[in-house]
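Please open the structure in your viewer and keep the sequence beside it, so that each selection can be followed in turn.

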Amino acid sequence: MSRKHNNNINIFNLYNPPNNHKLDLGALEVLFTNATVLLGDLNAKHTAWGCALANNRGQDLENLSNDKAFLFLNNGTHIYRSHSYNTTDALDLTISSPDLFPYCSWKVVDYVGSDHYPILIELDYEKNPITENLENEWFVFKHSIFTAAECAVPRGKHKNTRPAFTNDSQDLQKLLAKREHLLQSHNLNDNTDARIELNKINAEIKRKYCSIKQSNWQDLRKSLDYKTPNTRLWRIAKKLYKIQPQVENTNSIIGINGTPTVNDKEAADALGNYYSEESKLALGRENKKTGRAARKLIRSCRVPASNELFNDPITSSELLYAI
């Protein structure tokens, strides 16, 4: 930001869960003020910002933005890619007040492990909103920040600076460029080999990303000793507390060999084998009499296959409840 403009800027990060079919327009309306940037995933779709279709949330957000004269920074680029269905969409939105819009630039950068692409938003009162040389601008920005820090913070010169994004790594950049070339040169819907190659590249990117994060963590551990201030240790502890567990619930059925089933027949066979084994009675020699009585009772309770009780279809919710 230019030093000529010292006014505060309001930045609101918003999220609307997909199960909320309507936006809280009353709560949103109070945020549409001067010098404001609204951004986040509202699960609102509309053709105005690049979606193939519009839903009620997108229509409400479009109407509210028009009423308040706010403008979307999205240029139509898709920001979300589904790894399961290989589809893309524009879900993450950036909305600016009219006084800031002429000075804002908006760009989607390469993603690493998430299905949402990172977005780079810049505000420049001095130059054209479209930055021609991003690397040079970033160098000038870092130089300005470090110069000001050296003058204000009595801790000497800044040492061992790190890039802001992990994906600035040269190894990751090569893999990202390879994946981008594959996406542009092949139609993944009709080319099975290309999709397999894409999955391999994505897996390698995730492994490399984890390796870099582990290396950064080891470097952080080496930098801590008995002289480390408590304030720094407390900041690190708070960051660790905010880390989300990398565990996802799944409804996949695991077969006998430990791999997920790929179709309904394999899932049914796996469930049948599982409950067949679970229903067997494990009785010792001392319980022979009890075992015979139990097996006799089970045989007498079996229902013939012609019984109409089992002709009714079983819903997936009933099956999940039984499991």
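**A tour by selection**

Begin with strands E1 and E2, which pair in the parallel sense over six bridges; strands here are DSSP runs (E, at least two residues), as helices are (H or I, at least four), numbered from the N terminus, and two strands pair if DSSP finds at least two bridges between them. This is a predicted model, in which local features need pLDDT of at least 70 and side-chain atom pairs count only at pLDDT 80 or more, while totals for chains, interfaces and linings use all residues. Residues are numbered from 1 along each chain as its sequence is written, and side-chain values use heavy atoms, with hydrogens and water left out.

Select Tyr 15 next, and its bridge partner in E2 will be found at Asp 41. Widening the view shows an open sheet of four strands in the order E1-E2-E6-E3, with mixed pairing, where E1 (10–15) and E3 are the edge strands, each pairing on one side only.

Now turn to the aromatic rings, where the count comes to two pairs; rings of Phe, Tyr and Trp (its six-membered ring) pair if their centres lie within 6.5 Å, and planes under 30 degrees apart count as stacked, over 60 as edge-to-face and the rest as tilted. Phe 32 and Phe 70 make an edge-to-face pair, 4.6 Å centre to centre with 65 degrees between the planes. Both Phe 32 and Phe 70 are buried, a term for under 20% relative accessible area, with exposed over 50% and partly exposed in between (1.4 Å probe, protein chains only). Trp 49 and Phe 72 form the tilted pair, with 4.6 Å between centres and 35 degrees between planes. Because Trp 49 lies in the loop between E2 and H2 and Phe 72 in strand E3, this pair ties together parts that are 23 residues apart in sequence.

For the charged side chains, the count is four salt bridges, each a side-chain nitrogen of Lys or Arg within 4 Å of a carboxyl oxygen of Asp or Glu. Select Glu 29 and Lys 68, whose side chains meet in one of them at 3.3 Å, N to O; Glu 29 is in helix H1 and Lys 68 in the loop between H2 and E3, 39 residues apart. Another joins Lys 45 to Asp 89, with the closest N and O atoms 3.5 Å apart. Lys 45 counts as partly exposed at 26% relative accessibility, whereas Asp 89, at 13%, counts as buried.
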